[in-house]
Amino acid sequence: MAPTGTLKLIDRVTAINWNRLEDEKDLEVWDRLVGNFWLPEKVPVSNDIQSWHTLSEDERLMTTRVFTGLTLLDTIQGTVGAVSLIPDALTPHEEAVYTNIAFMESVHAKSYSSIFSTLISTKEIDDAFAWSEQNANLQRKAEIVLEYYRGDDPLKRKVASTMLESFLFYSGFYAPMYWASRAKLTNTADLIRLIIRDEAVHGYYIGYKYQKGLAKLTQAEQDELKAYTFDLLFELYENEVEYTESLYGALGLTEDVKKFLRYNANKALMNLGYEGLFPKDETDVNPAILAALSPNADENHDFFSGSGSSYVIGKAVATEDDDWDF
Amino acid sequence: MGSLVYFSSVSENTHRFVQRLGLDELGIPTHRIPLRKSDGFLTVTEPYVLMVPTYGGGNEGGAVPRRVREFLNDPHNRSLVRGVIAAGNTNFGAAYCIAGDIISAKCQVPYLYAFELLGTAEDARRVRDGLGRFWQRQSLISA
């Protein structure tokens, strides 16, 4: 933390009134986050013990290191990142949403520990944590983000935070999706999918608040922040590529992971209101990985590109609402 | 020729996608479902394709935005829907773009297209061209 910084407490306390919303998105996202709440104890990761022992030594090493890296990022986001956004909040409801996000990031960090303690020996865990402290790219990633969290520009903090939520986790998230696509560690993948779902709401919300703040600035200021965002993305991307090689190189998966990185980098930009940067042929994620992420993300829903002779009618879905009454 | 009816929250994601389509040039009018009840109620007068974002989550209801449900609960509005396009995020797993599945099943209309977040340039091109052909074909069928 800044050595000269004194803690600024608020001068006056205003009680939060959820019946007087300044931004309806706050309540919508709060409800969504609360509705999505979960704890790692609900996922039977211990059912993966047998599967874990079918992995080769290299595969186990990669997976353990991936989870250590994810633990580090979620620790940052839970204890520094989301918390650093609170003083910038424009409404008390926005503050409340950030406290929820911060807490869930701590739940995520704890989830990795529950995976570790279930699958991995204490010695392996210690080795992986030692590796994460010495991996230059992982440390660099943490440094870049922390630098912006400590900076004095609220909008740059939101950019860094959205990058973390929507881009920087994905070099790690690839691994459990890869295993799930091979019917391995499927319970672990279920747990990671819950984290992935949360990160989507976090990235969407923080990106949305960035855009609201951006809209109040002059064109010149907006241009500067856009340039800053793309510079940061490139800096992080170059680092991610090296980090990816250090994790997946031994298994020959680096190129496949990089597609997943670029696909998610585009989504991070979109959460910030910008168009994706990487073209289609550089973001064509391995269909098996995409299917592990979302079984619904196939090509079935492109009636327009087909011959037009057949189309899909959605299957009846159990999640119906009472007031949806025809 | 039919129209495009869409919903977009204050995030404006879907609105921006619609703007990129340039449907005016194809003679396809666009109508936005009002964000708030106080902004009035949209009643359509011609066949339309509905475009909606999926509200993320998947473990509960509410994937179809409330204003869209109200819009479709009107029998006249519902009688004119001809297809659905949904936006979403693959992070929501099996619930990705599920608003399209729900509306397609309930209204028995084709699920035409799904795209992520703001959509890519490729998505915009496909939807623009697709909607042009879709309404041409519809007008031939009904002629």
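Predicted model: local features only at pLDDT ≥ 70, side-chain atom pairs only at ≥ 80, totals over all residues.
Helices here are DSSP runs of H or I with at least four residues, numbered from the N terminus.

**Stop 1: chain A overall**

Select chain A and colour by secondary structure. Chain A has 12 helices and 0 strands. Along the sequence the pattern reads α-α-α-α-α-α-α-α-α-α-α-α. Now colour by burial. Of its 326 residues, 43% count as buried. Then turn to contacts in chain A between residues at least 6 apart in sequence: 77% of them join residues at least 24 apart.

**Stop 2: A:Leu155**

Select A:Leu155. This residue belongs to helix H7 of chain A, residues 154–168. Is A:Leu155 buried or exposed? A:Leu155 counts as buried because it has 22 C-beta neighbours inside 10 Å, and the cut-off for burial is 20 or more.

Which residues does A:Leu155 contact, leaving aside neighbours within four places in sequence? Show A:Tyr210, A:Gly213, A:Leu214 and A:Leu225.

**Stop 3: the largest nonpolar core**

Show the largest nonpolar core, which holds 124 residues.

**Stop 4**

Move to chain B. Its mean pLDDT is 92, and 95% of its residues reach 70 or more. The model as a whole scores ipTM 0.90 and pTM 0.91.

Select the strands. They include an open sheet of 5 strands in the order E2-E1-E3-E4-E5, with parallel pairing. Look at the edges: E2 (30–32) and E5 of chain B each have a single partner strand, so one side of each is left without a neighbour in the sheet. Neighbouring strands are turned by 20 degrees against each other on average, direction ignored.

Now walk through some of the pairings:

- E1(B), residues 3–6, pairs with E2(B) in the parallel sense over 3 bridges. Pick B:Val5; its bridge partner in E2(B) is B:His31.
- E3(B), residues 48–53, pairs with E4(B) in the parallel sense over 6 bridges. Pick B:Tyr48; its bridge partner in E4(B) is B:Val81.
- E4(B) pairs with E5(B), residues 111–116, in the parallel sense over 5 bridges. Pick B:Val84, which stands opposite B:Tyr111 in E5(B).

Stay on E4(B), residues 81–88. This strand is mostly covered, with 7 of its 8 residues buried.

Then centre on B:Val49. Leave aside its neighbours within four places in sequence, and B:Val49 is in contact with B:Gly2, B:Leu4, B:Arg82, B:Gly83, B:Val84, B:Ile85, B:Leu112, B:Leu131 and B:Phe134.

**Stop 5**

Select residues 13–21 of chain B. This is helix H1, which lies across E1, E2, E3 and E4 of chain B and runs at about 140 degrees to E3(B).

Step back to B:Glu12, in the loop between E1 and H1 of chain B. Its phi is near 65 degrees, a positive value in a residue other than glycine. Most residues other than glycine have a negative phi. B:Glu12 counts as partly exposed because it has 16 C-beta neighbours inside 10 Å.

**Stop 6: helix H4 of chain B**

Select E4(B), H4(B) (residues 98–107) and E5(B) together. They make a right-handed β-α-β unit.

Begin in the loop between E4 and H4 of chain B, where B:Cys97 is found. Its phi is near 55 degrees, again positive in a residue other than glycine. With 29 C-beta neighbours inside 10 Å, B:Cys97 counts as buried.

Now follow the helix. H4(B) is mostly covered: 8 of its 10 residues are buried. Which residues are they? Show B:Ile98, B:Ala99, B:Gly100, B:Asp101, B:Ile102, B:Ile103, B:Ser104 and B:Lys106. The cover over these buried residues includes E3, E4 and E5 of chain B.

Finish just past the helix. There B:Gln108 takes a positive phi of about 55 degrees.

How values were computed:
Residues numbered from 1 in each chain as written. Chains lettered and ligands numbered in written order. Core = buried A, V, L, I, M, F, W, Y, C linked by C-beta atoms within 7 Å. Buried ≥ 20, exposed ≤ 12 C-beta atoms within 10 Å, placed from the backbone. Contact = placed C-beta atoms within 7 Å. Helix = DSSP H or I, 4+ residues; strand = E, 2+ residues; numbered from the N terminus. Pairing = 2+ DSSP bridges. Right-handed = clockwise from strand over helix to strand, strands pointing away. pLDDT = per-residue confidence, 0-100. Axes fitted to C-alpha atoms, helices over the stretch in contact; angles between N-to-C directions.
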